[in-house]
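I opened my notebook to look into one model today.

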Amino acid sequence: MTSAHDAADVDPTVIGTLAAAGVATVYEAAGRRGLIDVDLVQVVPGSRVAGVARTVVCGQGDNRAVHEAMTLVRPGEVLVLTMPEPAPVALIGELLATQARVAGAAGVLVDAAVRDVDDLRTLGLPVWARWCRVRGATKRERGSLDVPVSVGGATVGPGDIMVLDADGAVVVRRTSADAVAAATRSRTARETGLRARLEAGEFSYDLHGMRTEDEPRGR
């Protein structure tokens, strides 16, 4: 286990807060930072997870590093699987996902393809991927584990916090996790109050002060 990963002991209440809030709320609470800005397939519908990132850089078109990573996974981690260039090559399928589930992984983000989709859904381990393709990977290059990776324009470091749901994914730096969780709780409370007022018939146009800004301009 690397020292960077050991330093990422995150309070479980922080993980719980981020998971419950979801990607959109956490992204806004974090100052609109950390978005994984690519389309992702949510393989298991209804999944919502947050967890410490276990990062992997595979050789191009190769998944040997994924097999090695399975020996290191700790409960609650989110595996982040990448290659130098994203491509529709399956880095993980049902057998590797079984190992991740047995190890207690919270989920898997694959910046490549997955296969055995029906089996993955039956297995139930939350998985997000760029593609679903049956094209298989080689197993020749060892790759790198627990190093910073780039996914969808964002950098994910080992020990950062991944949040994933139907909206996609966002990464929270481990050094700012407590602050983002606090901002997330505040935003959630504010939205709860707004929701009650909207359900009572008020309008967001008024609650956000847009009407008073627009009316003096003769609109």
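This is a predicted model: local features need pLDDT of at least 70, side-chain atom pairs count only at pLDDT 80 or more; totals for chains, interfaces and linings use all residues.

I began with the annotation rules: UniProt positions are given in the numbering used here, feature names are shortened, and annotations may be inferred rather than shown by experiment. Residues count from 1 along each chain as its sequence is written.

**Entry 1: the site.** UniProt, in an unreviewed entry, puts a "binding site" at Asp116. I found Asp116 in the loop between E5 and H6 (helices, H or I, at least four residues, and strands, E, at least two, are DSSP runs numbered from the N terminus). Is Asp116 buried, partly exposed or exposed? Asp116 counts as partly exposed because its relative accessibility is 33% (buried is under 20% relative accessible area, exposed over 50%, partly exposed in between, with a 1.4 Å probe and protein chains only).

**Entry 2: its surroundings.** Leaving out residues up to four places away in sequence, Asp116 touches Gly93 and Glu94 (contact means heavy atoms within 4.5 Å). A polar side-chain atom of Asp116 lies 2.9 Å from the backbone nitrogen of Glu94.

**Entry 3: the cores.** I then looked up the largest nonpolar core, which has 31 residues (buried Ala, Val, Leu, Ile, Met, Phe, Trp, Tyr and Cys joined through side-chain atoms within 4.5 Å). E5 gives the largest share of this core, 4 residues. A second, separate core has 18 residues, including Ala19 and Val172.

How values were computed: Side-chain values use heavy atoms; hydrogens and water are left out. A polar contact is a pair of N or O atoms within 3.5 Å; within protein, one must be able to donate a hydrogen and the other to accept it, and residues adjacent in sequence count only if both atoms are side-chain atoms.
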